Every structure is written in C-alpha cells, then in structure tokens.
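Here are my notes for your first look at this model. Please keep the structure open as you read.

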Amino acid sequence: MNWFPPTLIAQTNEEISKIVSGMNNDTSVPAHAIERPDGTAGWYSSEYWFPEAASDFAPNVDWLYMYIFWISLVFFAAIVGAMVYFCIKYRRKDGNLDTEPSPSHNTNLEIAWSVGPSILLVVMFWYGAEGFFNMRIPRADSEEIQVTASRWNWKFTYPDGDSSSELHLVNGRPTKLVMQSTDVLHSMYIAAFRQKVDIVPGRYTYAYLTPNKEGEFRLACTEYCGQKHSKMRTMVTVHASDERRKEDTQWIEAEYPAWQNGERIYKINCSGCHNKTAEAGTGPGFGNLWGKGEESLHGGGSVKVDEQYIYDSIMEPGKHIVAGYGPVSKMNSFKGKLTQADVNQVIAFLKYLDDPESVSDKPEGEVEKEEDEKPTEAEAENTST
Ligand code: HEC
Ligand SMILES: [Cu+2]
C-alpha cells in the first residue's frame with residue numbers, strides 16, 4: 001500500500017542502497033540516488049507504509065495496528081455518515097418548529113451498541129496485552145548484548161567482549177538488549193522489529209526480541225537528544241547463524257588492539273590445529289613462529305618468516321610445507337574466508353605470542369566519535385515525550 005508521496009529518507013547513496021530493497025519505478029527520485037550495488041534501481045515502497053516485519057512479534061503488532069485502523073475507519077465513516085444524514089433528514093423545515101416524535105428507548109439497539117464495541121475493545125486489549133508481554137518477557141537462552149547510547153553514537157557490546165557501532169544479531173536467536181545511556185534520554189527504535197524502548201540515563205532498560213529474517217534493517221534514536229539527533233542512526237544486520245556472524249569479522253570495531261582481534265580469529269579458525277605455545281599439534285605451534293626468522297621446509301630449503309609467508313601459509317597452505325608435515329598439508333586454505341585485514345590481525349597475534357612487548361596495545365584506527373559538546377540546558381533537561 002503506497003499511499004504516501006515519496007520522500008528521500010536516506011542521505012547518502014550508500015545508505016539508500018542499503019535501505020532500498022524492492023522495486024518501485026518512482027521517477028521523482030534521481031536514478032543515481034536509488035541505484036543498488038547490483039545496478040538495478042528501485043525504491044522500497046513499503047518504506048511508506050510498514051517496513052518489512054522481521055521479528056517474531058512484528059506480525060502481531062501489524063495485525064493489531066490494522067485491526068485498530070479499520071475499526072477506526074469504519075466507525076468514523078458510520079458516525080460521521082449518520083451525523084450528516086440526520087442533519088439533512090431532520091433539519092428544521094420551513095416554518096416547522098415542532099420536534100418530530102421519537103422513541104425514548106430501544107433495548108435491542110442499546111444492547112447492540114454496548115456489547116458490539118465491548119467485544120471489539122476486548123479483542124484490542126487481548127492482542128495488545130499479548131504483544132506487550134511478548135516484548136517484555138525475557139526469553140530463555142537469550143544472547144545478552146549491551147547497548148550504550150551516547151550523543152550521537154550507538155555502541156553494542158557482545159558477550160565475548162567485541163563491540164561495534166552496528167548491531168549484529170543471529171536469525172532466530174532470542175536476544176536481550178541491556179541498554180544504558182551515558183548522557184541524555186535516547187530511544188532505541190528498530191522499525192522492522194516493531195521494537196522501541198527508551199534509554200534513560202542512570203537506569204538500565206531492556207528490550208527483548210527474536211529476529212526472524214536475515215538482512216539489514218535500520219535502527220534509529222527516536223528521542224530528541226540534541227543537535228545531531230537525526231544522525232543517531234545505524235544498521236542492524238541479522239546473520240543466518242552464529243557461525244556466519246563469527247566468520248564475518250569486518251563489522252567488529254577496532255575497539256581492541258589488532259592482536260586481540262587476531263586472537264579471536266585464531267580461536268575460531270586455527271586453535272584446533274595450532275597451539276599458542278611452541279608445542280606442535282596437528283600443525284606447528286605458534287608460540288615462537290614469528291621470532292624464528294627462517295622456517296625449514298619439507299623437501300629441504302627454508303623460507304623467511306615474514307608477513308608474506310604467513311599470508312601464503314593461510315591462503316595457499318600447499319605452497320610452502322613445513323619440514324615434518326609433508327608431503328601434503330593437512331591445512332585447508334582460508335581463501336575467501338579470511339580477508340587481508342583478518343590476516344594482518346593474525347600476524348599481530350603471532351607477533352604478540354612471540355613478544356607481547358612488541359605489539360601495540362592501541363586500538364587499530366580510531367572509532368569515529370563526535371566531539372563531546374556540552375549539552376545545552378534544553379538538551380540536558382530533555383525529558384520523555
Ligand atoms: C586442520 C588443521 C589446521 C588448521 C585448522 C589450520 N592449520 Fe595452519 N597448518 C596446519 C598444518 C598441518 C601445517 C603444516 C603444513 C603446512 O605448512 O602447510 C600448518 C601450517 C601453518 C603455518 C606455517 C607454520 C610454520 O611453522 O611455518 C601457518 C602460519 C599457519 N598454518 C597458519 C594458520 C592459521 C592462521 C590458521 C587459522 C586461520 C590455520 N593455520 C589453521 C594445519 C592447520
Ligand atoms: Cu539519541
């Protein structure tokens with residue numbers, strides 16, 4: 001139902017291509033602004049009505065909304081229609097000042113207009129209460145994610161300590177968001193999940209949900225929180241599975257030094273075969289690998305242990321086989337699974353294992369932060385609406 005005129009909601013092409021996920025040949029939006037990465041153009045028409053429903057209780061919310069909407073519409077039409085009709089029918093006719101005789105009482109009619117609307121309202125209450133409980137009651141085995149809202153950033157911290165400025169969830173996994181604000185009132189709103197909860201300074205608030213659709217959805221702050229409130233938006237990515245979320249490490253912010261991210265990649269992908277110590281497992285131990293200088297190879301010869309060697313060992317394990325592990329490497333290539341950036345983090349971890357003093361403990365790159373301006377009085381006093 002595309003009843004509303006299009007408005008450009010997103011600001012950058014990138015943002016638009018993230019949002020746009022349906023076809024609607026709307027020519028009032030410049031083509032370049034609505035081009036998706038795959039070259040097709042489109043504008044998601046349901047942006048103007050309901051966004052996609054992507055959490056377990058979203059369909060109930062939509063149902064209830066439509067139920068209330070149609071009841072309101074029917075009653076509005078009936079009441080205003082009857083009013084207009086009676087105004088005309090019983091208008092004062094020329095010279096006639098007497099009132100028409102009318103019944104003082106009609107039991108059937110009175111019962112109908114009491115009982116009928118009561119039933120409609122009880123249904124409204126029933127589904128409203130059910131929806132409210134669905135949003136409020138913790139689910140068993142929830143993954144707990146800390147949400148820190150501050151002017152004008154979102155930070156999500158996961159159980160393993162990783163954090164990000166975009167929210168990454170797992171499809172079908174019950175999630176509990178434990179939310180805090182560092183400054184003023186904010187409100188977390190994920191339209192696709194039909195979930196909106198205020199975040200109050202000095203208090204924990206919680207949101208419970210289970211995403212049930214893979215994809216990217218928008219998250220916005222919906223509590224006016226100062227100058228750049230409108231910029232306080234981010235994306236929610238729902239991954240197919242926890243494994244898929246772990247594989248894709250790009251979203252993890254450089255909150256942690258590279259070697260710690262490397263250790264994380266190691267734990268997930270390599271620890272089954274490589275020890276952190278020098279002791280060999282299925283593969284050579286990592287303990288002193290970086291400091292070795294040279295590695296002896298299967299079939300004689302040696303190779304310098306440097307970035308390129310590590311990179312090759314991960315992406316093309318057959319290229320250099322370590323002496324004693326031949327003739328065929330038991331290791332599978334990580335081509336397509338790890339990125340160059342991942343490999344660099346693994347290298348930082350190898351360096352760390354060799355000599356913890358040698359690596360930087362500074363987070364890689366700076367997370368973009370808005371300069372901390374003092375809140376104006378009005379902002380500081382921002383209260384819930
Ligand atoms: C299935 C077991 C297995 C897994 C998983 C595995 N490796 Fe290996 N790896 C080996 C074996 C066996 C060797 C020795 C043969 C060779 O050189 O290819 C090896 C060799 C290496 C070498 C060369 C070591 C040296 O002493 O010169 C590096 C570096 C390496 N692996 C890195 C990794 C990284 C990083 C990961 C995780 C992203 C990983 N490996 C996952 C089995 C594995
Ligand atoms: Cu805000």
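1. Start with the largest nonpolar core, which has 33 residues. A nonpolar core is a set of buried Ala, Val, Leu, Ile, Met, Phe, Trp, Tyr and Cys residues joined through C-beta atoms within 7 Å. Buried means that 20 or more other C-beta atoms lie within 10 Å of a residue's own, with C-beta atoms placed from the backbone. Ala 54, Val 147, Met 179, Met 188 and Ala 207 touch the most other members. A second, separate core has 16 residues, including Trp 259 and Phe 286.

2. A word on the source: this is a predicted model, where local features need pLDDT of at least 70, side-chain atom pairs count only at pLDDT 80 or more, and totals for chains, interfaces and linings use all residues. Residues are numbered from 1 along each chain as its sequence is written, while chains are lettered from A and ligands numbered from 1 in the order in which they are written.

3. Now find strand E6, residues 186–190. Strands here are DSSP runs of at least two E residues, numbered from the N terminus. In E6, 4 of the 5 residues are buried, so the strand is largely enclosed by the rest of the structure.

4. E6 has two antiparallel partners to check. Strand E7 (residues 195–199) pairs with E6 over 5 bridges; pairing requires that DSSP finds at least two bridges between two strands. Ser 187 has Asp 198 in E7 as its bridge partner. Strand E9 (residues 215–221) is joined to E6 by 2 bridges, and Met 188 stands opposite Cys 221 there.

5. Look at the hairpin of E6 and E7 too. Between the strands lie 4 residues, and Arg 194 takes a positive phi near 55°.

How values were computed
A residue is buried if 20 or more other C-beta atoms lie within 10 Å of its own, exposed if 12 or fewer, and partly exposed in between; C-beta atoms are placed from the backbone.
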